[in-house]
Every structure is written in C-alpha cells, then in structure tokens.
Amino acid sequence: MQRGEDPELLAVLAIIAHNAPDLLLLTDIDYDYDALALSALAEALDYPQHFALRPNTGLQTDFDLDGDGRFGDARDAQGYGRFSGDGGMAILSQFAIDATQVTDLSDVFWRDVPNAVLPTTMTSEIAAIQRLSTSGHWIVPIDTRIGPVTLLAFAATPPVFDGPEDRNGLRNRDELMIWQHVLDGKYGAAPSNFVLLGNANLDPLGGEGYSTAMAEVLRDPRLTDPHTGKPTANWPEDGPGNLRVSYVLPAANFTVRDAGVFWPAPDDPDATLLGDDGLAAGVHHLVWVDIDSTT
C-alpha cells in the first residue's frame with residue numbers, strides 16, 4: 001500500500017476518493033493486530049477515524065469442520081481463512097466512532113440464533129463451538145453531522161462451495177436473518193437511527209442461496225431499499241453473472257437524498273476508474289446512499 005505498486009489497490013483507492021463517502025464499510029480486507037494496514041489506508045484516503053475487530057475468518061478451531069480428515073485448514077476455521085484475519089472488515093469514518101459502545105455479535109453461536117437451521121450433518125460437538133459469523137456482525141455507533149447513526153455491519157459467507165448438506169447456504173441465510181432479531185431487540189436495545197450494510201452474498205432474485213430470505217429483509221418496513229433491482233457485482237456470464245449482493249439499507253426514519261452503485265456506463269468519463277475491462281477494482285462495485293435526518 002505504501003509503495004503504491006498494486007494496480008487493483010490503486011483502483012480501489014481512486015474509486016473511494018472519487019466518491020468520498022463520509023462513512024465507509026470495507027469487506028474482504030485483511031486484519032492485522034496493530035491495524036498497520038488499516039491505518040495506512042485511512043491516512044491515504046484522509047479518514048481521521050477507523051475501526052476494525054479481529055474477524056472469525058482464519059480463527060482456527062480444534063475440529064475438522066469440513067470433514068476432509070485434516071485439521072487446521074482454511075475451512076476448519078470459524079470462518080474460511082488461510083490465516084488469522086484473512087478477509088475481515090473495517091470501517092473508515094469522517095466522524096467520531098465510539099469504540100467503547102460497539103456491540104460485537106461475532107461470537108454468537110449459530111445454534112443459539114432464534115429460528116436457526118443447522119445442517120443435519122453437523123455434530124453436537126461442532127454445534128457447541130460453531131459461531132454464526134463468517135467474518136463479523138458489528139453494531140457500531142457513530143456521531144455524525146445529522147446526529148447519531150448506528151452501523152449494522154456484516155459480511156456473509158458465499159452460499160456455495162459446500163455439498164448436499166448446504167452448510168454455507170444455511171449459514172449465509174442465518175447471517176442475514178440475525179439482523180431482524182437485532183431489530184426486534186433480542187440482542188439488546190433495538191437500534192433506531194441505523195444503516196444495515198455489508199456484503200450479504202445473496203441476490204433477492206437469482207443466483208445461489210436462499211433468495212427469499214434476502215427478499216424478506218428488503219420488505220421489512222423498518223428498512224428503506226434505495227437500490228431496488230440494481231446489481232452490485234459483475235462476475236463473468238459463464239459464472240454467476242451480474243448479481244446484487246452488497247447492500248446499504250437505511251432505517252425507514254431517515255430521508256434518502258440520493259443513492260446509487262458506482263458502475264458508470266462505458267462512455268462516462270468516470271468509467272476510466274474501472275479500467276478497460278471494468279474490473280480494475282475487482283468484481284464488486286461501491287454501493288452508496290446519501291441520507292439525512294427527518295427533522
């Protein structure tokens with residue numbers, strides 16, 4: 001990052017700088033204990049505040065979770081990870097983050113989530129230690145210019161790369177549905193001025209996974225969906241294709257001033273930020289919402 005030699009990283013930095021969000025959730029960003037990488041990123045983008053917690057990705061268990069007869073592999077961790085901190089989350093902010101008031105649900109056991117459905121092949125021993133969060137589920141209060149805003153941040157497992165037991169599909173669904181329990185007040189006081197955001201890895205209309213679960217969340221009257229029908233990722237057509245998997249969903253009590261997905265048309269001058277093939281910054285596109293208080 002400091003050398004500025006990685007073209008994909010430079011493209012990501014350019015897109016973030018161009019859109020200049022006040023609050024930014026990054027997913028699939030590696031976590032290091034001293035936050036050296038995140039600090040360098042925040043400095044490069046001129047963000048005075050940053051926040052990250054150790055993710056479940058790469059956090060090894062003492063179990064053969066994927067049943068391949070080996071221990072200590074990437075799929076034997078609480079969340080898939082080749083090393084501890086592989087593919088975590090981070091928040092960058094222009095406003096004060098009260099880290100002392102953050103609620104971290106990342107250690108909630110999957111079996112303890114209301115109405116959770118675990119794969120029938122999961123043993124009781126594994127169920128007793130298996131966390132729900134692949135990466136994390138954070139409730140982060142931030143003091144903004146429009147008043148307190150609480151970020152409900154997460155990054156779910158892709159609902160693929162498993163077998164007929166559908167372990168990842170079921171987990172992906174429950175990683176999303178836990179937010180409805182949060183809004184119901186089952187994990188402390190229900191948040192009011194919130195924004196639910198992250199990579200759900202789930203399209204409400206197509207692709208793999210329990211699309212009906214995503215559609216149910218989008219119909220929740222406590223939320224506003226300002227991106228209806230807009231894809232957020234462009235995988236090859238011989239693969240998943242264009243899907244909507246990333247979301248920024250403000251509480252219904254906010255006023256949405258504007259919203260979009262940074263995916264300029266080929267003849268738009270901003271398209272140069274995406275590169276000639278549109279993939280300079282990867283397959284995922286930045287999703288944004290401009291909100292204001294209702295008062």
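Buried means under 20% relative accessible area, exposed means over 50%, and partly exposed lies in between (1.4 Å probe, protein chains only). I kept that beside me while reading this predicted model, where local features need pLDDT of at least 70, side-chain atom pairs count only at pLDDT 80 or more, and totals for chains, interfaces and linings use all residues. Residues are numbered from 1 along each chain as its sequence is written, and side-chain values use heavy atoms, with hydrogens and water left out.

**Entry: Ser 133**

I found Ser 133 in the loop between α3 (124-127) and β6 (137-144); helices (H or I, at least four residues) and strands (E, at least two) are DSSP runs, numbered from the N terminus. Is Ser 133 buried or exposed? Ser 133 counts as buried because its relative accessibility is 0%. I then listed its contacts (heavy atoms within 4.5 Å). Setting aside neighbours within four places in sequence, Ser 133 is in contact with residues including Asn 56, Arg 171 and Glu 175.

**Entry: the cores**

Next I looked up nonpolar cores, which are sets of buried Ala, Val, Leu, Ile, Met, Phe, Trp, Tyr and Cys residues joined through side-chain atoms within 4.5 Å. The largest has 55 residues, and Leu 176 is among those that touch the most other members. Helix α4 (residues 167-183) gives this core its largest share, seven residues. A second, separate core has 18 residues, including Tyr 47 and Phe 262.

**Entry: Asp 98**

I located Asp 98 in the loop between β4 (96-97) and β5 (103-104). Asp 98 is partly exposed because its relative accessible area is 34%. I also noted that the C-alpha atoms of Asp 98 and Ile 142 are separated by 6.3 Å, although the two are 44 residues apart along the chain.
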